[in-house]
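Welcome! Take a moment to look over the sequence and turn the structure around before reading on.

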Amino acid sequence: MKRIFIFVLLSFAANSVAAQDIITKTNAEEVRAKVVKIGTDEIEYKSWDNLDGPVYVIRKYDVFSIKYQNGTRDIITSLGEIERRKKIYERLIEYPKYQGEIAVGYDLGMNSYGIETRDRVVFETTHGVRILPYLYTGLGVACNYYYPKILRLIYDDHYEDFVDEGVVIMPVYVNVKGYYPVARIADVYLSFDAGVAIGISSNAGGYKHFYTSVGPGINLGSKNGSPRCDLSVRYQYMGIFTDAILFRVGIQF
């Protein structure tokens with residue numbers, strides 16, 4: 001009699017375990033449940049320990065699989081998808097983070113208002129925060145050295161030449177970049193600067209004008225934290241007779 005009782009008890013326990021659904025989460029946690037509904041984005045279930053209790057809701061991308069009471073199993077989120085989301089999460093938790101840049105460039109002056117603007121050498125450094133993989137903002141300072149040059153004023157019936165000495169202008173600006181990853185080692189971006197250009201050489205004392213620079217670029221190199229190569233082309237303006245196209249190469253760190 002005792003053996004029969006034990007057998008019946010074990011059979012009941014086995015049937016009870018077999019009758020439940022097992023929800024396995026993407027973090028390997030298992031939930032004993034009775035699945036009520038599987039929707040487009042969510043799964044509704046009741047706790048196996050309290051079938052008369054409330055209905056719980058879990059997001060489908062938090063569930064790896066469901067093993068039903070009849071022994072069948074549904075894969076809700078594949079291992080490949082879990083790994084992809086893990087990598088995205090690991091990238092996102094790195095942000096926000098510091099990002100700096102140092103660059104040199106050469107500006108080709110454009111013909112503006114009847115005057116041939118001068119070429120110049122440019123040094124820039126920008127430091128700020130990479131808010132997300134796709135967005136950066138920071139503060140920058142630059143040094144623009146205008147070569148001495150004979151400038152020609154062109155009138156309707158004649159022209160006049162005069163010698164203009166070398167000039168040093170220092171732009172101070174806010175920089176914003178929008179990034180778009182195109183390969184494992186490459187991000188393209190669009191950069192925009194806005195600030196003020198200040199004359200710092202003796203022959204540019206008192207000069208102050210609105211400064212802006214805009215143009216595309218590309219970052220090349222490993223994304224594991226090591227310095228990356230930065231290449232860009234930009235339109236640059238810091239007052240009348242200063243329009244130029246900037247060819248720029250630098251290092252991002």
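## About the model

This is a predicted model, in which local features need pLDDT of at least 70 and side-chain atom pairs count only at pLDDT 80 or more, while totals for chains, interfaces and linings use all residues. Residues are numbered from 1 along each chain as its sequence is written, and side-chain values use heavy atoms, with hydrogens and water left out.

## The barrel

Eight strands, in the order S7-S10-S11-S14-S15-S16-S17-S18, form a closed barrel with antiparallel pairing. On average, neighbouring strands of this sheet are turned by 25° against each other, direction ignored. Strands here are DSSP runs (E, at least two residues), numbered from the N terminus, and two strands pair if DSSP finds at least two bridges between them.

Strand S11 (residues 135-146) is joined to the antiparallel strand S14 (residues 167-183) by 10 bridges. Here Tyr-146 stands opposite Val-167.

S14 then meets S15 (residues 186-199) over 14 antiparallel bridges. A hairpin of 2 residues links S14 to S15, and Ala-183 has Ala-186 as its bridge partner. Next, S15 pairs with S16 (residues 208-220) through 13 bridges, again in the antiparallel sense.

## A look at Gln-252

Gln-252 belongs to strand S18 (residues 244-252). Gln-252 is buried, with a relative accessible area of 6% (buried means under 20%, with a 1.4 Å probe and protein chains only).

Definitions and conventions
Helices (H or I, at least four residues) and strands (E, at least two) are DSSP runs, numbered from the N terminus. Axes are lines fitted to C-alpha atoms, for helices over the stretch in contact, and angles run from 0 to 180 degrees between N-to-C directions. Buried means under 20% relative accessible area, exposed over 50%, partly exposed in between (1.4 Å probe, protein chains only).
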